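Work through the following exercises with the sequence and the model side by side, and try each task before reading its solution.

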Amino acid sequence: MKKDLKGMNLAALEDFFKSLGEEGYRAGQVSKWIYKGADSFDDMSDISKTLKDKLKETAEISTLEILDRKTSRFDGTRKYLFGLFDGNAIESALMKYRFGNSICISSQAGCKMGCVFCASGKAGFARDLSAGEMVDQVLKVQEDTEERISRLVVMGTGEPFDNYSNLSDFIKIANSENGLNIGMRNITVSTCGIVSGIKAFSGDFPQANLAVSLHAPNGALRKELMPVAGREEYSKLISACREHARKTGRRVTFEYVLISGKNDEKPHADELAEHLRGMLCHVNLIPMNSVSGRAPASTARGKAEKFKKWLEAGSIQTTVRRGLGSDISAACGQLRLIYHNK
């Protein structure tokens, strides 16, 4: 079976080349080509034909297939549908800002979390994505747009901390000069609140950004909205986030989807502020985006602004997220697993 070189970090590539009887420095040469978007060893002009032939026999460079793309007529957000080798398909979203291009990538094909307001788990869970499949979402969008992506968010389909090993390899490649060369402070990972993952992430990537999908001011309500809350005690989650902020000096972002009549009243804001007060954090309020087959109703924008003021009165930094890409189902909670026939 051929070795897939995309998704291998520099140390792993060095070991691979040494196993072929080659010098370790070849890893740097080849990785630069791979993460520039090369899909063929023939494209690599600074390695010999002999080495190219050896690589063709022993290795491959996997690639995703762009099945479809849609562009928002309102804000230019672009959603991509990528085909995987096994017939599954995943979605990613490109968002354009004044400060540069940002991509929201998926970490799994499907999701196990089952949050009531999110489309990602509707088709169930298929499998983890490899580090190479995560990297290739970025590479394919850069190739398609001919524009560099300078910020990335692991906030698409899946729970990143349920796929920690591949996520870790991906982040290292994304940050490496021989990889995507994206600054660690421009990388954000969003979790449903896997406490063990938060603790590992704090130690492994202290300069990256942590976002936590909280969505409720207490454990009982959170269990109604997010089944994962049944295995992660609310107080322990808040404590882990507080420790992350203290240990890394980095602000924790709490994502909070506003659901009309469920979690958007003043007592909810007051209780949430009480839990978060004194932590280096900020709350990102998200008026719930439309998801087919999901019952909860979204909070109106005006009510979201009121909730923001209530939290700010409790000394909590708060923003209300812009709903980019909602007309093409590319906004928060709308990306999903799709099955297709190759």
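Helices (H or I, at least four residues) and strands (E, at least two) are DSSP runs, numbered from the N terminus. This is a predicted model, in which local features need pLDDT of at least 70 and side-chain atom pairs count only at pLDDT 80 or more, while totals for chains, interfaces and linings use all residues. Residues are numbered from 1 along each chain as its sequence is written, and side-chain values use heavy atoms, with hydrogens and water left out.

**Exercise 1.** Locate T253, decide whether T253 is buried or exposed, and state which residues T253 touches.

Solution. T253 is found in strand β12. Its relative accessible area is 15%, and with buried meaning under 20% relative accessible area, exposed over 50% and partly exposed in between (1.4 Å probe, protein chains only), T253 is therefore buried. Leaving aside residues up to four places away in sequence, T253 touches L210, A211, V212, H282 and N284, where contact means heavy atoms within 4.5 Å.

**Exercise 2.** Describe how helices α6 and α8 pack, and which residues make the contact.

Solution. Begin with the geometry: α6 (residues 195-204) and α8 (residues 234-248) pack at an angle of about 5°, and their axes are 10 Å apart. Axes here are lines fitted to C-alpha atoms, for helices over the stretch in contact, and angles run from 0 to 180 degrees between N-to-C directions. That angle makes α6 roughly parallel to α8, given that angles under 35 degrees count as roughly parallel, over 145 as roughly antiparallel, 65 to 115 as roughly perpendicular and the rest as oblique. Next, the contact is made on the α6 side by V195, I198, F201, S202 and G203, and on the α8 side by K236, L237, A240, C241, H244, K247 and T248.

**Exercise 3.** Trace the pairing of strand β5 with β4 and with β6, and explain why β5 is described as largely enclosed.

Solution. Strand β4 (residues 78-83) pairs with β5 in the antiparallel sense over six bridges, two strands being paired if DSSP finds at least two bridges between them. F82 has I90 of β5 as its bridge partner, and in the hairpin of β4 and β5, with four residues between the strands, G87 takes a positive phi near 95°. Turning to strand β6 (residues 100-105), the pairing with β5 is antiparallel over five bridges; A93 stands opposite C104 in β6, and a hairpin of two residues joins β5 to β6. Finally, β5 (residues 88-97) has eight of its ten residues buried, so the strand is largely enclosed by the rest of the structure.

**Exercise 4.** Identify the buried residues of helix α9, and state what covers them.

Solution. In α9 (residues 266-276), the residues H268, A269, L272, A273 and L276 are buried. Seen down the helix axis, the buried residues of α9 fall within an arc of 130°, so they line one face of the helix; the arc is that of the directions from the helix axis to the C-beta atoms. The face turned away from the buried side of α9 carries the exposed residues P267 and E274. What covers the buried residues includes α7 (219-225), α8, β12 (252-258), β13 (281-287) and α10 (301-313). Just after α9, G278 takes a positive phi of about 90°.
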